[in-house]
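Here is a short note for someone opening this structure for the first time. Please read the points with the model on screen.

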Amino acid sequence: MLLSGVLFAVFGLLGAFVRVPYVALGPGPTYDTLGKVDGTQVVRIEGHQSYPTSGQLRMTTVSLDDEVTLFGALGLWVSGRFALAPREEYFEPGESDAEVKKENVKQFQDSQSNAEVAALRRLGYPVQVLAKEVVAGSPADHVLSAGDRLLVVNGKEITKEDDVRAALADTEPGQTISLTFQHDGRPERTETLTLAEHPDPERSEGFIGLQPIDRADVPFEVDISLQDVGGPSAGLMFALAIMDRMTPGDLVAGERIAGTGEITEKGRVDPIGGISFKVVAAHEAGATTFLVPQANCAEAAAAAPDGLRLVKVTDLDSALDALEGLKAGEPVPSC
């Protein structure tokens, strides 16, 4: 009996305190991108007229708990509200929690930038092309800095990021090209670069060593304020909130609409993870409609609670059309 008692106590301690190599996933908090969080407007337009809105555009999240004990895992699994997944699917070997959080924050910041560019481009505002990253040891290193504005590459005027790739398409390693750019608002500079071999052996064009990115070129600021959220999937809802604030009329017309989707600078909506948890979170937040990336439709339909309408979107235009259709009582694409 004494031995059994000791074993039982040891098992209890192990089950209560020893972590298992799994993470727990479940519905996370939702945020109204048209509203305020902790007293701060989530999307603010500074230096440009903004228009009143009604209703809600709720971005959705997934909760992730990486400190799961054996007993905790059993409890979460039995609840039916959470799912368990191997830790290595979310954390690289040797990767710390801080490193994962840093990457998630970066993805979230990129989603905000992409949302701004997609929305303002849709509204007809120009974009500028910046050097997002410069590869160490590449021809562009020590010439360009991250954030420099690209104006002309190899004789081609740069008005969108695709122009950079097009300007280099017919080049070869060892070829000399000119590069005109602007650093920190200073006068334009033109430098000559000798292209290197591309690190991808399947690509034969010359390598310059920079990653271009589109950014809005406007005399006002779009400020997105939301803390303690990570990942790229809020882009669509941020873009819609910017559109709603910068245009007369009302996209939502008093309804509570949720959604998700990673958005590119050109407005394409890409699929995301955790859609089955996000539809639950949206329903619990009172949403009646959920905007779903097309590629996530099957998974969303299998998990959606009764009473939540799933609307299929492929890009920013289709999302805007769907909102207008809902407002007018017209049929819209569904999952």
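1. How many disulfides does a search of the whole structure find? The search finds one. A disulfide here is a pair of cysteine sulfur atoms within 2.5 Å. The sulfur atoms of cysteine 297 and cysteine 335 are 1.9 Å apart. The link is left-handed, with -55 degrees about the S-S bond.

2. A word on the basis. This is a predicted model, in which local features need pLDDT of at least 70, side-chain atom pairs count only at pLDDT 80 or more, and totals for chains, interfaces and linings use all residues. Residues are numbered from 1 along each chain as its sequence is written, and side-chain values use heavy atoms, with hydrogens and water left out.

3. Now the overall make-up. The protein has eight helices and 18 strands. Helices (H or I, at least four residues) and strands (E, at least two) are DSSP runs, numbered from the N terminus. Of the 335 residues, 43% are buried. Buried means under 20% relative accessible area, exposed over 50%, and partly exposed in between (1.4 Å probe, protein chains only). By that scale cysteine 297 is buried at 10%, while cysteine 335 is partly exposed at 35%.

4. Next, the contacts. Contact means heavy atoms within 4.5 Å. Take the contacts between residues at least 6 apart in sequence: 70% of them join residues at least 24 apart.

5. Which strands make up the open sheet of six? Their order is E6-E1-E5-E14-E17-E18, and the pairing is mixed. Strand E6 (83-86) and strand E18 (309-313) stand at the edges with a single partner strand each, so one side of each has no neighbour in the sheet. Neighbouring strands are turned by 35 degrees against each other on average, direction ignored. Axes are lines fitted to C-alpha atoms, for helices over the stretch in contact, and angles run from 0 to 180 degrees between N-to-C directions.

6. Look inside that sheet. Strand E1 (residues 22-32) and strand E5 (residues 56-65) pair in the antiparallel sense over seven bridges. Two strands pair if DSSP finds at least two bridges between them. Glycine 26 stands opposite serine 63 in E5.

7. Two helices lie across strands of the sheet. H5 lies across E5, strand E14 (256-259), strand E17 (289-293) and E18, at about 160 degrees to E5. H8 lies across E14, E17 and E18, at about 140 degrees to E18.

8. Is H5 enclosed or open? Helix H5 (residues 235-246) has 12 residues. Of these, 12 of the 12 are buried, so H5 is largely enclosed by the rest of the structure. Among them are Met237, Phe238, Asp244 and Arg245. H5 reaches 17 Å from its first C-alpha to its last, close to the expected 16 Å. That expected span is 1.5 Å times one less than the number of residues.

9. Last, glutamate 161. This residue is in helix H4 (residues 161-168). Glutamate 161 is buried, with a relative accessible area of 10%. Leaving aside neighbours within four places in sequence, its contacts include Val129, Pro212, Asp214 and Lys266.
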